[in-house]
Amino acid sequence: MFFAKKSKGFCVEIGEHAALMARMSRLDAPFIVEELKELPASDTAGITAWVKGNEGKSSTGYAMSICGVYPPKRLLRHHTLDLKRVKDPAYFNEIYSQQFRIEPDKYTIRALNPEDGGDYDSTKTTQKEVFFCGLPSDDVNSLQDSLLEMGVYPERLELGTLATLGGLVSYLKFKQSKTPILVLEIGEETTHSFIISAEGVDISRPIASGVAAMIPVVQKELGLKDEESARKLFYSNTFDFTSMGGALVKKLLKELQSSIGFYEVNTGQSIGGVICNQLPASLSWLGTTMASALGVAPVKLDLIPWLESLNIKLADGVTLSQPEERWIGLFSLMGTYQNAVPDEKK
């Protein structure tokens with residue numbers, strides 16, 4: 001395996017719909033983002049051509065990259081532990097199988113501190129909140145293989161969701177925001193929902209409803225002959241669906257309202273906004289629709305000042321296509337930061 005001399009740094013985020021990529025002057029901050037590129041996640045040939053063309057290397061070379069991925073069966077769950085059982089070797093596997101309905105021996109899982117993202121310390125018997133994250137072990141190998149086939153060497157491979165949550169917590173702290181927000185990753189079959197604040201991840205919940213559940217509604221509302229026609233129109237960005245937005249998100253909204261209600265009753269805090277960061281550009285209006293249905297404002301990010309605080313700058317001529325929120329995952333992968341919490345809590 002050969003690496004190009006004077007290699008640039010790359011950051012690659014491959015989501016369900018889009019691949020967002022950046023070429024940096026180097027891999028570690030401080031650095032300058034020299035180019036941003038967006039391609040369909042399915043365009044592996046285009047991704048390969050862009051990476052190799054930018055690196056200027058032979059066909060046997062690889063671009064050293066920070067990579068974020070969104071496997072469909074990713075695990076991201078905030079959980080409250082029974083402290084009396086934390087030291088029981090079988091306890092965590094019991095949570096995975098009974099609470100999360102997964103086969104623990106087929107997953108690679110880490111337990112993290114939901115405040116700062118550090119590793120959960122089971123020897124601290126007073127710490128009952130934990131954030132579990134992971135993915136099927138087979139996915140680790142297949143994802144790495146697919147990246148290598150595109151000329152991308154994953155110097156660091158992360159769950160994109162986890163990086164995004166860390167970046168948003170850092171952003172809220174940078175903005176000195178006291179208001180919690182709702183983060184939604186609306187996928188094809190599943191929506192991952194989180195309530196976060198500057199203090200960390202407060203609630204997480206996967207909801208078995210995504211874009212696929214909206215397609216039959218589109219078909220019915222527009223009187224289309226089949227779901228495939230409805231799907232093509234829905235993703236085409238040639239029709240204004242905002243008038244039927246309420247009907248499209250009705251099922252998802254019902255599930256979210258129960259989570260938000262539980263959170264607000266237990267904390268006394270109200271959600272201040274919602275951000276949907278994994279939608280394709282053609283469906284970016286869904287974020288506004290969801291915010292309106294929930295009676296809150298869409299979160300609008302101002303990324304440049306935050307990036308500069310992380311020693312990341314954009315080269316002249318490099319701009320973020322709108323809405324900026326779509327880039328939070330990619331830049332969260334680049335950042336090196338830790339959610340500042342009091343030393344006694346670390």
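The model is predicted: local features need pLDDT of at least 70, side-chain atom pairs count only at pLDDT 80 or more, and totals for chains, interfaces and linings use all residues. Residues are numbered from 1 along each chain as its sequence is written, and side-chain values use heavy atoms, with hydrogens and water left out.

**Helix α3**

Helices (H or I, at least four residues) and strands (E, at least two) are DSSP runs, numbered from the N terminus. Helix α3 spans residues 137–149 and has 13 residues. From first C-alpha to last, α3 reaches 19 Å, close to the 18 Å expected at 1.5 Å a residue. That expected span is 1.5 Å times one less than the number of residues.

D139, L143 and L147 of α3 are buried (under 20% relative accessible area; exposed is over 50%, partly exposed in between, with a 1.4 Å probe and protein chains only). They cover an arc of only 65° around the axis, which puts them on the same side of α3. The arc is that of the directions from the helix axis to the C-beta atoms. The face turned away from this buried side carries exposed D138 and E149. After α3 comes G151, with a positive phi near 85°.

| Strand | Residues |
|---|---|
| β2 | 9–14 |
| β5 | 61–69 |
| β8 | 129–136 |
| β9 | 152–159 |

**The sheet**

Three strands form an open, antiparallel sheet in the order β6-β8-β7. Two strands pair if DSSP finds at least two bridges between them. β6 (75–80) and β7 (107–112) are the edge strands, each pairing on one side only. The twist averages 20° from one strand to the next. Six bridges join β6 to β8. H79 has V130 in β8 as its bridge partner. Helix α3 lies across β7 and β8, at about 55° to β8. Axes are lines fitted to C-alpha atoms, for helices over the stretch in contact, and angles run from 0 to 180 degrees between N-to-C directions.

**Helices α5 and α6**

α5 (residues 215–222) and α6 (residues 227–236) pack at about 100°, with axes 8 Å apart. The two helices are therefore roughly perpendicular (65 to 115 degrees; under 35 is roughly parallel, over 145 roughly antiparallel, the rest oblique). The contact involves residues of α5 including I215 and L222, and residues of α6 including E227 and F234.

**Loop residue A198**

A198 sits in the loop between β11 (191–197) and β12 (200–207). A198 is buried, with a relative accessible area of 8%. A198 and G272 are 74 residues apart in sequence and 12 Å apart in space, C-alpha to C-alpha.

Note on methods
Contact = heavy atoms within 4.5 Å.
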